[in-house]
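The sequence and the structure are shown below.

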Amino acid sequence: MRAFFLTAVSFVAFSLLTGCATGLSAEVGSPPVVLPHASDTLRVRILFTKSPVRLDSTGSYQFQMRNGGKIYTASSVTSVRPMRGGMMFGRQKLKGDVVAMPAGDKDILKLNGRRYRGVFVFHPLAGGRYDVVEYVSMDDYVYGVLPREVEPSWPLESLKAQAIVSRTFALSNKLTDAKERFDVTDGVMDQVYGGMHVEDPASNKAVDETHGEILTDATGKPIQAFFHSSCGGHTELPEHVWKSSNAGDVFGCVSDAFCDGDPHYKWQLSISYRTIRTRLRKVGVRIGDIKKVTVVQKSESGRAEIFGLQTSNGLIPVPGNKFRLALGPENLRSTLIINMKAGKSNVWFEGRGWGHGVGLCQWGARGRALAGQTYKQILETYYPKAVLSKV
């Protein structure tokens, strides 16, 4: 898929550039760089830092200021760090955004030793920080998502379902965040993405065999294809998790017995009131000393929609998802609480599942695929009012 970028991203006068065996060379200036803008191009923020990074490639590579100027060619590692208003590439000071790309159509860029299929844009920001945003084709992106989100050893039909969900999620964000510097990040707030470094033949096959397939609503718009690790036996509707959600009416509140293969299907947590108070204050919930924690409202799926904190200032209601994220999603793994005991100084939770519970249950998809269901049947279960479409 490298040809996609060599035609879409043009450093002028490629044919005039001489290859470098070592070191760095500079050619004459050229007009501004034309970055990929095709409908299946995704902008992924792969780094947000103050620290220097190592830029390299499997062959020679080039970089240039985005607004035009000299083109530099290198064939060894270049140290990149921020400077006021720009970036330092080795000893070269470049003002504003800088674009880096491989010189050859079979070469791959590397950042801190990790390989990526796309083109990099370095964005200097305030406070000595900078972004590195990769412009990459949609399927190349999903190649790097699947092995981080599910196990490539899982059944192919479950991998296909995840591929379509991940592609849809990314496309929905792309259409929503068009004016931003990037469409998605590479972390858990969007989808975990590891670039070419993490790709696996089995998950790549799932991406290839579902090429262009996405989930849309009745109007043809890509849905916000939420997913999670394990629903604990019952999925949730988005409006019970995010009060401002406009995710649309495509999700199901599904009883699901297929995710019990999750090793974290059941969990327990004991946490002190002091720790709860400290963590809530960090997310802006100012409360007095906690005396007791209860569930004051449950959703249809049985999840804690609102927790009640009895404090020295009275009863304070806290939305379930906000409470969970404040305590840490690796601690309070879900709001599907099946038992709890409030003591004098701490509270003990017993729950099921891991995640918010909306949309695709990844462990449920695995269980369904093992039971013989196709990826289409899996998607119909978790998104009953969505349409499987082709872009």
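This is a predicted model: local features need pLDDT of at least 70, side-chain atom pairs count only at pLDDT 80 or more; totals for chains, interfaces and linings use all residues.

How does the lining of the largest pocket divide by class into nonpolar, polar and charged residues? The lining has 12 nonpolar, 14 polar and five charged residues.

**The largest pocket**

Rolling a probe the size of a water molecule over the atoms shows where empty space is left. The largest pocket has a volume of about 1,000 Å³. Its lining is made up of 31 residues, and those nearest the centre of the pocket are Val188, Met189, Asp190, Phe227 and His356.

Several elements give two or more residues to this lining, namely α2, α3, β16 (227–228), α6 (320–327) and α7 (362–370). The most is given by α3, which supplies four residues.

**The cavity**

The structure holds one cavity of 30 Å³ or more. The largest cavity has a volume of about 80 Å³. It is lined by 13 residues, of which His240, Val241, Arg303, Asn321 and Thr335 lie nearest its centre.

Both β19 (304–311) and α6 supply at least two residues of the cavity lining. Helix α6 gives the most, with three residues; α6 is also among the elements that give two or more residues to the lining of the largest pocket.

**Helix α2 against helix α3**

Two packed helices are described by the angle between their axes and the distance between the axes. For helix α2 (residues 138–149) and helix α3 (residues 156–176), the axes come within 9 Å and cross at roughly 125°. That angle makes α2 oblique to α3. The crossing in which α2 passes α3 is right-handed.

On the α2 side, the contact is made by Met138, Asp139, Tyr141, Val142, Val145, Leu146 and Glu149. On the α3 side, Leu159, Gln162, Ala163, Ser166, Arg167, Ala170 and Leu171 take part. The contact of α2 with α3 has nine nonpolar, two polar and three charged residues.

**Helix α2 against helix α4**

Helix α2 also packs with helix α4 (residues 201–209), at an angle of about 140° and with the axes 9 Å apart. This angle makes α2 oblique to α4. The crossing of these two helices is right-handed.

Asp139, Val142, Tyr143, Leu146 and Pro147 are the α2 residues that meet α4. Their partners in α4 are Ser203, Asn204, Ala206, Val207 and Asp208. By class, the residues of this contact divide into six nonpolar, two polar and two charged. Asp139, Val142 and Leu146 of α2 take part in the contact with α3 and in the contact with α4.

**Helix α3 against helix α8**

How far apart are the axes of α3 and helix α8 (residues 375–382), and at what angle do these helices pack? The axes are 8 Å apart, and the angle is about 55°. The two helices are therefore oblique to each other. Helix α3 passes α8 in a right-handed crossing.

From α3, the residues in contact are Glu157, Ser158, Lys160, Ala161, Ile164 and Val165. From α8, Tyr375, Ile378 and Leu379 make the contact. Six nonpolar, one polar and two charged residues form the contact of α3 with α8.

**Where the features meet**

Helix α3 packs with α8, makes a contact with α2 and gives the most to the lining of the largest pocket. Helix α2 likewise gives two or more residues to that lining, and α2 packs with α4.

Key: Residues are numbered from 1 along each chain as its sequence is written. Side-chain values use heavy atoms; hydrogens and water are left out. Axes are lines fitted to C-alpha atoms, for helices over the stretch in contact, and angles run from 0 to 180 degrees between N-to-C directions. Angles under 35 degrees count as roughly parallel, over 145 as roughly antiparallel, 65 to 115 as roughly perpendicular and the rest as oblique. A crossing is left-handed if the near helix is turned anticlockwise from the far one by less than a right angle, and right-handed if clockwise. Contact means heavy atoms within 4.5 Å. Ala, Val, Leu, Ile, Met, Phe, Trp, Tyr, Cys and Pro count as nonpolar, Asp, Glu, Lys and Arg as charged, and the others, Gly among them, as polar. On a 1 Å grid over the protein atoms alone, a cavity is a set of points where a 1.4 Å probe fits but cannot get out, and a pocket is an open set with protein on both sides within 12 Å along at least five of seven lines; lining residues have an atom within 4 Å of a point. Grid points are joined across faces, edges and corners, and a volume is the space filled by probe spheres set on the points.
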